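Please look over the sequence and the three-dimensional structure before reading on.

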Amino acid sequence: MTTDLGTPRVLPSDEAERAVLLAAPRGYCAGVDRAVVTVEKALDLYGAPVYVRKQIVHNKHVVAGLEARGAIFVEELEEVPPGATVVFSAHGVSPEVHRQAEERDLKTIDATCPLVTKVHHEAKRFAGDDYDILLIGHAGHEEVEGTAGEAPEHIQLVEGPADVARIVVRDPAKVAWLSQTTLSVDETLETVAAIRERFPLLLDPPSDDICYATQNRQLAVKEISRDSDLVIVVGSGNSSNSVRLVEVALEAGAGSAYRVDDASEIEEAWLDGVRTVSVTSGASVPESLVQEVLAFLGERGYPDARAVHSAEESLIFALPKELRRDLKAAGRS
Ligand code: 0K2
Ligand code: SF4
């Protein structure tokens, strides 16, 4: 529950100075909402089981909730019985995965976020123009594997400024960069600056690859971190954008910052001497988990949270077209 501070409470002296700030925006982005609803609606429409390749989004509570409703999460398509329905996660897949699905005669629903798909299109366009593409991102992340798979012969991964000296390109005048959608904005700018120093003719993507939701959540956490003794970020350990929020909070001046999957992971010692505690959540995190953190703080003498708004969001994506078609055919759209 978020309230303003209109009704003063009488608190014991040390509690009177306490405050809880709640970042806004936080939590679900348009791509995550679409991906989670896709699996829910697929379960309703086709019945369990519905297979999902990889975690639909990187949040263990979301995955557990969908599993309880009949979703089966697999790492690779060979685990999916031929002819079954499989959903591709919000992080996107390479063309090779689409090919494998066809080969196994799977019915696919592609929940790749449209903003990830946009980066795939940029990769194909730069590759079509025969550019060497430097993809800034984290090795092994599913989104990076999917994007790199669009043009493996043209794309090389750059994790940060330290990698720049090792880059080898065919023609320094034909180099472009792209990025994962969930990186730290500030770190990525540093990496791009280092690349541009080596390759002054470096071509930028046509628009930001780091998506609006990632940027807004970083802006929001920066806003509250300056005044915070402690920042609690709700999100799973494999959620790139959630982990970035902890780093951004610390860089912005938070006394300390921790990521938790849920309130049960908060250590009492983190609150020692803490007056202002701020709370935010990654793009794959259900709001109920944030509310549980606020309740945890409330039980320890912290007041109701004050929301600090840094940006407004209203983006909504339509469901994947395959699902819309089947919902319509079933008279459920
Ligand atoms: O931040 P990550 O890319 O690891 O992914 P999630 O935690 O699942 O957040 C949603 C972003 C998905 C695609 O961009
Ligand atoms: Fe899409 Fe951005 Fe959300 Fe990723 S974080 S699913 S790119 S809106």
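Which two side chains are joined by a polar contact of 3.4 Å? They are the side chains of H58 and H91. A polar contact is a pair of N or O atoms within 3.5 Å; within protein, one must be able to donate a hydrogen and the other to accept it, and residues adjacent in sequence count only if both atoms are side-chain atoms. This is a predicted model, in which local features need pLDDT of at least 70 and side-chain atom pairs count only at pLDDT 80 or more, while totals for chains, interfaces and linings use all residues. Residues are numbered from 1 along each chain as its sequence is written, chains are lettered from A and ligands numbered from 1 in the order in which they are written, and side-chain values use heavy atoms, with hydrogens and water left out.

H58 is placed in the loop between β2 (50-53) and α3 (60-68); helices (H or I, at least four residues) and strands (E, at least two) are DSSP runs, numbered from the N terminus. H58 counts as buried because its relative accessibility is 6%, where buried means under 20% relative accessible area (1.4 Å probe, protein chains only). A further polar contact, of 3.1 Å, links the side chain of H58 to that of E142. Beyond neighbours within four places in sequence, the residues in contact with H58 (heavy atoms within 4.5 Å) include H141, S236 and N238.

The surroundings of ligand 1 come next. H58 is one of the five that come nearest among the 15 residues around ligand 1, together with S239, S240, N241 and S284; a residue is near a molecule if one of its heavy atoms lies within 4 Å of it. A polar side-chain atom of H91 lies 2.8 Å from an oxygen atom of ligand 1. From the backbone, a polar atom of S240 is 2.7 Å from an oxygen atom of this ligand, and an N or O atom of N238 is 3.5 Å from one.

Around ligand 2 are residues including C29, C113, T181 and Y212. The elements giving two or more residues to this shell are α2 (30-46) and α5 (114-128).

Finally, T280 belongs to strand β11 (residues 276-281). Is T280 buried or exposed? T280 counts as buried, because its relative accessibility is 0%. Leaving out residues up to four places away in sequence, T280 touches A23, R26, V221, I232, V233, V234 and L245.

Conventions:
Buried < 20%, exposed > 50% of the residue type's maximum accessible area, 1.4 Å probe, protein only.
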